[in-house]
Amino acid sequence: MSGEDDNRTGGPTQHDDGDGIRGTARGSAPVPLSVLDLVTVGAGHTAAGAVRTAVDLARTAERRGFHRYWVAEHHSMPGVASSSPAVLLAHVAAHTERIRLGSGGVMLPNHAPLVIAEQFGTLEAMAPGRIDLGLGRAPGTDGATAAALRRTDGLHEDADQFPQQLAELTRFLDDSFPDGHPYARIHAVPGPVQATSPGGVQSPHRPPLWLLGSSGFSARLAGSLGLPFAFAHHFSAANTLPALDLYRASFRPSEVLAEPYALIGVSALAAEDEREARRQVMTGALAMVRLRTGRPGLVPGPEEAEAYPFNELERGFVDGWLSNVVHGTPDAVRQGLDDLAKRTGADELMITANAHGPAARVRSYELIADVYGFAG
């Protein structure tokens, strides 16, 4: 990151977009556009290459005017190299200067809240005013892997305890356990306790919390707490409108937000021509077929996806999957994103690109920025 450090303000790398949540629509886009990167690994590629692409993509997104760049926690999936969001974000933070960076999300039941508070406090120290902490209550993997992560078989119990875990995490981030609480003398560092220590000066920023969901549970909880909400439209499209309606109906103003703010994740891929876009998204479709049938692997290449003999059941799944992927020429993708924003009333669209190779993914974001008239 450029510029020298300033212990009081975060120095010249500091970025503040008002409340740290709401973005600004660029060009002719109907709402702010952001990036969700699964850091996918295609057949014939390496995890090291996927991490390099993550940096390239984040820098492209920053240069072209996308609002934020998020990565998502997944485990035991050969084709997804985002098992450690905090580590990835630290690396990306060192190669960017302005764009918001965050998790979409960290699966809180997999971790001790204190650990997450420490990790994201550290990220905030690295990139002051640029860090988002998005949280989910699902494991981000299969049950056996989740048990290995949590060292417990009580997966459902952990998910049911999500509101309590969230409250604990919030108190660690704010250093606000009341006197007499067992954790009152425990402090997440870096964090607010440093400002109250003799001679201490602390950054005024704290990563805003987002709740993520693919059903109504987190929608209702986010609304009741007055938090921003991110919905996984890209894999739970049938639940998008009910969840957003529930979030808005449940919303109670808070110190964080005076009114609801909801983004939705959407799969979208643009290419110079429709056929190439179709070839690329079919690689993600085949990867999903294999994942859903217990055969996770690397993202296959376009030739392998074209030659794959889908059976009738698999073909039905692919058709349903692709119906929720906005793909085609840049003009077609723009129309699809505009329609989705209008239909859902989403305050922000977070785009994830399903493709085998890094060049096609990065190029898609460039084309989307071009068609909306983004600068850069």
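Predicted model: local features only at pLDDT ≥ 70, side-chain atom pairs only at ≥ 80, totals over all residues.

A: The buried residues of α2 pack against α1 (47-64), β2 (68-71), β3 (100-107) and α3 (113-126). Which residues of α2 are buried? In this helix, which runs over residues 85-93, they are P85, A86, L88, L89, V92 and A93. Seen around the axis, they span an arc of only 160°, so they sit on the same side of α2. There's a general point behind that kind of pattern: an α-helix has 3.6 residues a turn, so residues three or four places apart point the same way.

Now for a pair of helices. The axes of α6 (residues 162-174) and α8 (residues 216-225) come within 12 Å and cross at roughly 40°. As for its hand, the crossing of α6 and α8 is right-handed. On the α6 side, the contact is made by F162, P163 and L166, and α8 brings in F217, L221 and L225. Sorted by class, that contact has 6 nonpolar residues, with no polar and no charged ones.

One last stop is S250, which lies in helix α9 (residues 240-250). Is S250 buried or exposed? Its relative accessibility is 12%, so S250 counts as buried, the cut-off being under 20%. Leaving aside residues up to four places away in sequence, S250 touches R220, G223 and S224.

Key. Residues numbered from 1 in each chain as written. Heavy atoms only, no water. Axes fitted to C-alpha atoms, helices over the stretch in contact; angles between N-to-C directions. Helix = DSSP H or I, 4+ residues; strand = E, 2+ residues; numbered from the N terminus. Left-handed = near helix turned anticlockwise from the far one by under 90°. Contact = heavy atoms within 4.5 Å. Nonpolar A, V, L, I, M, F, W, Y, C, P; charged D, E, K, R; others polar. Buried < 20%, exposed > 50% of the residue type's maximum accessible area, 1.4 Å probe, protein only. Arc of directions from axis to C-beta.
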